[in-house]
Amino acid sequence: MSEAVMQRGVVSESGRFDRLGQLDPGREYRLGIMGGTFDPIHLGHLVCAEQAREQFDLAAVIFIPTGQPAWKLDRHVTGSEDRLEMVRLAVAGNPAFDVSRLETDRPGVTYTVDTLAWLRDYYPDNVKLYFITGTDAIIQLFQWRSADRLAKLASFIAASRPGYEPEAALAAHERSAVKFDLHLFEVPALAISSTDLRRRRAAGRSVRYLVPEPVEKFIVDRQLYRS
Ligand code: ATP
Ligand code: MG
């Protein structure tokens, strides 16, 4: 394990946001959580997080790559250290972004509810949690394990994503027995998905400009997604 792989902070690798909320207990601080498999991370994820940060006045966005995703047990997922490293490379230049090993280091299948419960327990009450997703993921979320618990732990903000109508998300929320503090927001549309990137690589095609440059270099160097 290289030195860079060690998490020095409690919540995120740098620990920069560990004390969020403590400076002024009378003020509200908003913390964005960007969960995902990030296999690999791409510009769609980054635009989504940055736009969420700006539009919802988030103090920071912490990217938390899943350990073993509950809904992707049927396909091969790249090792968690490689996915984490790609996220690390992708967020390095943004002072409001950081990466966390919380789910990487938790044994067993990853459930978002466990992560949000841990964060809720860790931070003081004046820190509000905002879980960031795309419109596709929010629709699934209504059916997630412990939806009722999830709804109490955080607000949910869902970015527009090509191919997924916001109306579908609203209708799914309407049907859901559990009601969430849900906010849909618009981001410049990027029809990029990790699935498509993996296919491109498998077909020997380029992923340049679809992922940050250092991520592309990592993918090529490590020969990821070639078969
Ligand atoms: P896969 O195709 O493997 O499912 P993905 O591109 O959907 O990969 P995930 O890691 O599954 O990426 O997604 C993490 C989060 O980012 C989800 O909430 C997803 O909705 C959101 N997201 C992914 N791509 C985009 C995009 N292009 N625009 C907006 N949101 C996105
Ligand atoms: Mg996905």
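This is a predicted model: local features need pLDDT of at least 70, side-chain atom pairs count only at pLDDT 80 or more; totals for chains, interfaces and linings use all residues.
1. Six strands form an open sheet with parallel pairing, and their order is β4-β2-β1-β6-β7-β8. The edge positions belong to β4 (residues 97-99) and β8 (residues 182-185). Each of these two has a single partner strand, so one side of each is left without a neighbour in the sheet. From one strand to the next, the twist averages 25°.

2. The β2-β4 pairing. At the β4 end of the order, β2 (residues 60-65) pairs with β4 in the parallel sense, over 3 bridges. For a reader who wants to locate this pairing, Phe63 has Val99 of β4 as its bridge partner.

3. The helix across the sheet. Helix α1 lies across β1, β2, β4, β6, β7 (residues 155-159) and β8. Relative to β2, α1 runs at about 145°. The residue range of α1 is 43-55.

4. The loop between β1 and α1. Two backbone features deserve a check here. Phe38, which is found in this loop, has a positive phi of about 50° although it is not a glycine. Pro40 lies in the loop between β1 and α1 too, and a cis peptide bond joins Asp39 to Pro40, with omega about 0°.

5. The shell around ligand 1. Ligand 1 is surrounded by 22 residues, and the closest are His42, Asp136, Leu190, Ser194 and Thr195. By class, the shell divides into 12 polar, 5 nonpolar and 5 charged residues. Which elements each supply at least two residues of this shell? They are the strands β1 (29-36) and β6 (127-134) and the helices α1 (43-55), α4 (135-141) and α7 (194-202). Of these, β1 and β6 are strands of the sheet in point 1, and α1 is the helix lying across it.

6. Polar contacts of ligand 1. An oxygen atom of the ligand is 2.5 Å from an N or O atom in the side chain of Asp136. The backbone takes part as well: a polar backbone atom of Gly134 is 2.9 Å from an oxygen atom of ligand 1. A nitrogen atom of ligand 1 lies 3.1 Å from a backbone N or O atom of Ile192.

7. Burial of ligand 1. How much of the area that ligand 1 exposes when taken alone does the protein bury? Taken alone, ligand 1 exposes 600 Å², and the protein buries 91% of that.

Methods
Residues are numbered from 1 along each chain as its sequence is written. Chains are lettered from A and ligands numbered from 1 in the order in which they are written. Side-chain values use heavy atoms; hydrogens and water are left out. A residue is near a molecule or strand if one of its heavy atoms lies within 4 Å of it. A polar contact is a pair of N or O atoms within 3.5 Å; within protein, one must be able to donate a hydrogen and the other to accept it, and residues adjacent in sequence count only if both atoms are side-chain atoms. Accessible areas come from the Shrake-Rupley method with a 1.4 Å probe; for residues, only the protein chains shown count as cover. Helices (H or I, at least four residues) and strands (E, at least two) are DSSP runs, numbered from the N terminus. Ala, Val, Leu, Ile, Met, Phe, Trp, Tyr, Cys and Pro count as nonpolar, Asp, Glu, Lys and Arg as charged, and the others, Gly among them, as polar. Two strands pair if DSSP finds at least two bridges between them. Axes are lines fitted to C-alpha atoms, for helices over the stretch in contact, and angles run from 0 to 180 degrees between N-to-C directions. Contact means heavy atoms within 4.5 Å.
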